[in-house]
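Hello,

Here is the structure I promised to pass on to you. Have a look at it first, and then read my notes below.

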Amino acid sequence: MSARPRSRAAKAGLAVAGALLVAGTAVPAGADPTTTADRAASTMDTIVPAPESVKPNPAADFELTAQTAILAPGEAAGVGEYLAGVLRPSTGFPVPVNPALPGTGDIALALDGDPALGPQGYRLQVADEAVRVHATSTDGLFNGVQTLRQLLPAGIESPTAQPGPWTMPGGEITDKPRFGHRSAQLDPARHFFTVDMVKRYIDQVAKYKINKLHLHLTDDQGWRLQINSWPRLTEFGAQTEVGGTPGGYYTQQDYTEIVNYAASRHMTVIPEIDMPGHTNAALSSYAELNCDGVAPPPYTGIDVGFSSLCVNKDITYTFVEDVIREVAALTPGPYLHIGGDEAHSTTDEDYVAFMSKVLPLVEKYGKKPLGWHEYGKAAPKGDAVLQFWGTTNGDPLLNEAVARGNEVLASPANKTYLDMKYDENTPLGLQWAGFIEVADAYGWDPGSYLQGVPEESVLGVEAPMFSETLETSQHIEFMAFPRLPAIAELGWSPKGALNWESFKNRLAAHGPRLAASGQDFYRSPQIPWQE
Ligand code: TNX
């Protein structure tokens with residue numbers, strides 16, 4: 001790591017020069033650079049999710065300039081390139097990564113972190129001569145980089161060149177997550193979302209240290225992942241969506257592109273194939289999967305609970321095994337989500353019989369099962385995870401699961417469902433789980449909320465977003481932001497840091513960031529948004 005100190009005066013001069021270079025007339029000659037800096041300045045008190053420990057040092061601000069280079073040796077290079085990709089468009093600076101002759105104001109990413117910070121933790125030091133991120137893994141460096149960008153002025157998020165100066169407040173942040181699993185979910189089944197829309201959301205949620213992407217790939221209204229052994233699932237079963245508009249699907253290559261893009265944002269994809277209910281698209285594609293041998297028509301409404309695979313037919317399990325085999329082969333992550341929710345057309349006895357045959361198939365193809373909490377009825381083995389989606393603070397199935405050694409993924413619908421309306425005036429969304437304003441999304445503790453589920457049994461949190469009413473990226477963004485950052489903080493920050501007054505004031509500084517990045521968000525009246 002090499003960083004050459006230089007004087008604060010020289011630094012300020014460079015920053016103004018940089019601004020002039022980038023924005024032409026942005027800083028008029030003779031303007032007081034301090035005023036400009038103050039307007040754009042960031043502090044260490046606006047980070048979301050709140051870090052474990054923050055020690056500001058106002059005497060040690062760092063200025064990112066046209067001379068700043070990123071030093072990211074060895075395996076750190078990928079995160080270095082990612083960071084350069086964040087910094088170049090808005091600063092207009094070249095920001096070389098690992099140049100032969102390092103610049104004067106360096107940002108160093110190093111895999112020499114303190115093992116006590118765990119695989120996702122990092123230490124970020126901002127001093128006037130250099131910024132350093134230390135971690136034990138590239139995941140940790142990536143998390144440190146997300147914090148780093150929040151220390152720069154909001155304009156850093158812009159896709160086009162902005163005036164500087166690009167000052168980062170001095171100090172040191174030591175950070176690691178409370179829960180290792182923090183997921184966002186998308187539902188391209190109800191309305192299809194293109195690969196680019198999924199990538200856009202991945203980039204948006206990665207800023208808040210979300211590290212899993214749950215894709216709800218199949219439902220009554222559409223089967224969205226190509227399965228080579230059952231081609232009609234997408235040739236026929238993907239043609240429509242809610243409302244009757246044309247649907248769409250991911251080829252296996254598209255899916256791999258999403259998986260790889262997520263991985264480049266240090267995010268693991270969890271595919272969901274929902275069964276035995278939520279299967280009208282499959283049943284309408286293959287008559288033989290129906291108990292009566294008759295294929296129903298495609299479905300474009302938003303009811304749930306009317307479809308079921310035929311539990312007593314052998315071909316059902318040939319089908320399920322083929323699907324699980326192909327999906328598992330395409331998915332590098334450890335989990336395969338098998339749904340299991342709202343199987344209202346399947347008797348309890350049939351449901352348990354079905355799951356008892358399917359669970360071993362997940363294991364056979366090397367994956368751990370995840371399922372909506374109802375599948376606890378089938379008493380899945382210890383490494384299976386139950387995703388709680390109820391609107392109360394517990395369920396007897398969770399207590400039985402914890403006793404068996406299962407972990408629980410917390411996504412209580414009345415707190416975390418990003419497809420619920422904020423209030424009665426929200427133009428999009430549903431309200432079956434109630435209205436969810438930002439304070440509601442933030443107002444619970446994942447480690448103690450679920451009765452009889454101790455923190456050690458909580459794998460993490462998820463913010464699902466079902467898309468009966470959501471069609472565009474703008475819709476997704478309006479519903480996810482700013483509730484997604486609220487859920488992300490509950491998953492990341494230490495319990496002692498969870499405080500609504502603090503959160504709402506920190507979140508206020510994210511309005512300009514979200515706006516600068518060109519994405520939509522809900523201007524909740526609960527937040528004292530900064531201009
Ligand atoms: C419940 S959450 C569902 C979904 C709907 C969602 C709408 C869950 C396990 N099932 O099928 O899309 O509500 O909010």
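**Helix pairs**

Let's begin with α15 (residues 483-492) and α16 (residues 500-508): the axes of these two helices cross at roughly 130° and come within 12 Å of each other. Please keep in mind that this is a predicted model.

Now turn to helix α3 (residues 77-91) and helix α4 (residues 138-151), which pack with their axes 10 Å apart and at an angle of about 20°. That angle is under 35 degrees, so α3 is roughly parallel to α4. Here too you can look for the handedness: α3 passes α4 in a right-handed crossing.

**Around the ligand**

Which residues are closest to the ligand? They are Arg 190, Tyr 417, Asp 419, Trp 432 and Glu 468, out of 14 residues that surround it. By class, this shell has eight nonpolar, five charged and one polar.

In the side chain of Asp 341, an N or O atom is 2.8 Å from a nitrogen atom of the ligand. Taken alone, the ligand exposes 360 Å², and the protein buries 97% of that.

Happy exploring!

Technical notes
Residues numbered from 1 in each chain as written. Predicted model: local features only at pLDDT ≥ 70, side-chain atom pairs only at ≥ 80, totals over all residues. Heavy atoms only, no water. Near = heavy atom within 4 Å. Polar contact = N/O pair within 3.5 Å; in protein donor to acceptor, adjacent residues only side chain to side chain. Areas by Shrake-Rupley, 256 points an atom, 1.4 Å probe, with all protein chains shown as cover. Nonpolar A, V, L, I, M, F, W, Y, C, P; charged D, E, K, R; others polar. Axes fitted to C-alpha atoms, helices over the stretch in contact; angles between N-to-C directions. Helix = DSSP H or I, 4+ residues; strand = E, 2+ residues; numbered from the N terminus. Parallel < 35°, antiparallel > 145°, perpendicular 65-115°, else oblique. Left-handed = near helix turned anticlockwise from the far one by under 90°.
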